Amino acid sequence: MALDPDCIFCKIIEGVIPADIVFRNENVVAFNDLNPQAPTHVLLIPTVHTENAAGLAKMSATITAAPFSRSDRHRSGVKWLSNRL
Ligand SMILES: [Zn+2]
C-alpha cells in the first residue's frame, strides 16, 4: 500500500513534515507527540498508509503483531511497553 500525499502521518514518514522521531524501522515510525497528554507521549505509526484502525487490522501480521524485533527494542534505547508484546 502506498503512502497518501494528503495524509499528515504519511508526510511525517516521508520527512515532509518534521517530527521528533525516536525510532524508525521498515515497519513503523515512532515520534514524540506535538501535544503530549502525558510526560512521555510517543505515537507509533505504520510505514504504510491506512485510513483507520480497521485498515490497520487488515495489514500484514509483521506490522500489526510484531512491528519491531527484540534487537530493535534494545538498539533504540527506549523501553517499549505494549499489551501486544
Ligand atoms: Zn497515511
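Student: Where in the protein chain is confidence lowest, and where highest?
Tutor: Helix 3 has the lowest confidence with a mean of 64, and helix 1 (residues 8-14) has the highest at 94. The score is pLDDT, the predictor's confidence in each residue, from 0 to 100. This is a predicted model, so local features need pLDDT of at least 70 and side-chain atom pairs count only at pLDDT 80 or more, while totals for chains, interfaces and linings use all residues. Residues are numbered from 1 along each chain as its sequence is written.

Student: And the average pLDDT for the protein chain?
Tutor: The average is 80, and 68% of the residues score at least 70. Where pLDDT is low, the predicted coordinates should not be read in detail.

Student: OK, layout next. How many helices and strands are there?
Tutor: The protein chain has four helices and three strands. Starting at the N terminus, the order is α-β-β-β-α-α-α. Helices (H or I, at least four residues) and strands (E, at least two) are DSSP runs, numbered from the N terminus.

Student: What is the strand order in the sheet?
Tutor: The sheet is open, with three strands in the order 1-2-3 and antiparallel pairing. Strand 1 (21-24) and strand 3 (42-46) are the edge strands, each pairing on one side only. From one strand to the next, the twist averages 15 degrees. For that angle, axes are lines fitted to C-alpha atoms, for helices over the stretch in contact, and angles run from 0 to 180 degrees between N-to-C directions.

Student: What counts as two strands pairing?
Tutor: DSSP has to find at least two bridges between them. Strand 1 and strand 2 are antiparallel over three bridges, and they form a hairpin with three residues between them. Strand 2 (residues 28-32) also pairs with strand 3, antiparallel over five bridges.

Student: Why is Leu-43 called partly exposed?
Tutor: Because Leu-43 has 15 other C-beta atoms within 10 Å. A residue is buried if 20 or more other C-beta atoms lie within 10 Å of its own, exposed if 12 or fewer, and partly exposed in between, with C-beta atoms placed from the backbone.

Student: What share of the protein chain is buried, then?
Tutor: Buried residues are 6% of the 85 residues.

Student: Switching topic: where is Met-59?
Tutor: Met-59 is in the loop between helix 2 (53-57) and helix 3 (61-64). Met-59 counts as partly exposed because there are 15 C-beta neighbours inside 10 Å. Met-59 lies 9.3 Å from Val-48, C-alpha to C-alpha, with the two 11 residues apart in sequence.
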